[in-house]
Amino acid sequence: MKGRINYLGFLSLLALIAMLGWRTENQGLYGFFGFAYYFRYFWVIPDEFFQYNVQRAATFAFMAEMILLVPSMFACTVIYGAAKAVPVSFALSFAAAIFAFTLALIVLEWRERKGTAND
């Protein structure tokens, strides 16, 4: 078990993209700072239950993305027009999937900690 790397921590490297926002003055890149949250997973031991929770959170996020894609496509067509509907709706559904994954993982970890506190 010693020496195992928790690969979920590598998602925190995406926070470096936000630093390009300062260089290019593109404020849309500042949202990548949210990935800095995953830096804490370098210190979490990736046991079987943790991997199961990550799998559950990823499944929830994938289903949320697929369900939100079609309504966001219609909404973006009405709001932005047909030309910008596809890229904007894919970006929105991807952002929603990342947000859903993070929230689901937080809830699953909170439930795990709450369950171990009763032992």
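Predicted model: local features only at pLDDT ≥ 70, side-chain atom pairs only at ≥ 80, totals over all residues.

Biologist: How many salt bridges does the structure hold?

Modeller: Side chains of opposite charge can pair when their charged atoms come close. The structure holds one salt bridge. Glutamate 109 is paired with arginine 40, and their closest N and O atoms are 3.2 Å apart. Glutamate 109 belongs to helix 3 (residues 82-117), whereas arginine 40 sits in the loop between helix 1 and helix 2, so the pair ties together parts that are 69 residues apart in sequence.

Biologist: Is glutamate 109 buried or exposed?

Modeller: A residue is called buried when its relative accessible area is under 20%. Glutamate 109 counts as buried because its relative accessibility is 9%.

Biologist: Which residue has a positive phi although it is not a glycine?

Modeller: That residue is glutamate 25, with a phi of about 60°. Glutamate 25 lies in the loop between helix 1 and helix 2. A residue counts as exposed when the relative accessible area is over 50%, and glutamate 25, at 69%, is therefore exposed.

Biologist: How far apart in space are arginine 56 and leucine 105?

Modeller: Separation can be given along the sequence or through space. Arginine 56 and leucine 105 are 49 residues apart in sequence, and their C-alpha atoms are 8.2 Å apart in space. Arginine 56 is part of helix 2, and with a relative accessible area of 37% it is partly exposed.

Biologist: Which residues form a nonpolar patch on the surface?

Modeller: The patch includes Ile5, Tyr7, Leu13, Met19, Trp22, Phe42 and Trp43. Together, the residues of the patch have about 1200 Å² of accessible area. Consider one of them, phenylalanine 42: this residue is found in the loop between helix 1 (19-24) and helix 2 (48-80). Phenylalanine 42 is partly exposed, as its relative accessible area is 30%.

Biologist: What volume does the largest pocket have, and how many residues line it?

Modeller: A pocket may be described by its volume and by its lining. The largest pocket has a volume of about 330 Å³. Its lining is made of 15 residues, and Gly31, Phe35, Ala95, Ile98 and Phe99 lie nearest its centre.

Biologist: Which classes of residue make up the lining of the largest pocket?

Modeller: There are eleven nonpolar and four polar residues in that lining, and no charged residues.

Definitions and conventions:
Residues numbered from 1 in each chain as written. Heavy atoms only, no water. Patch = residues over 30% accessible without salt bridge, like charges linked within 9 Å, V, L, I, M, F, W, Y side chains within 5 Å. Areas by Shrake-Rupley, 256 points an atom, 1.4 Å probe, with all protein chains shown as cover. Salt bridge = Lys/Arg side-chain N within 4 Å of Asp/Glu carboxyl O. Helix = DSSP H or I, 4+ residues; strand = E, 2+ residues; numbered from the N terminus. Buried < 20%, exposed > 50% of the residue type's maximum accessible area, 1.4 Å probe, protein only. 1 Å grid on protein atoms, 1.4 Å probe; cavity = no way out; pocket = protein on both sides within 12 Å on 5 of 7 lines; lining within 4 Å. Points joined across faces, edges and corners; volume = space filled by probe spheres on them. Nonpolar A, V, L, I, M, F, W, Y, C, P; charged D, E, K, R; others polar.
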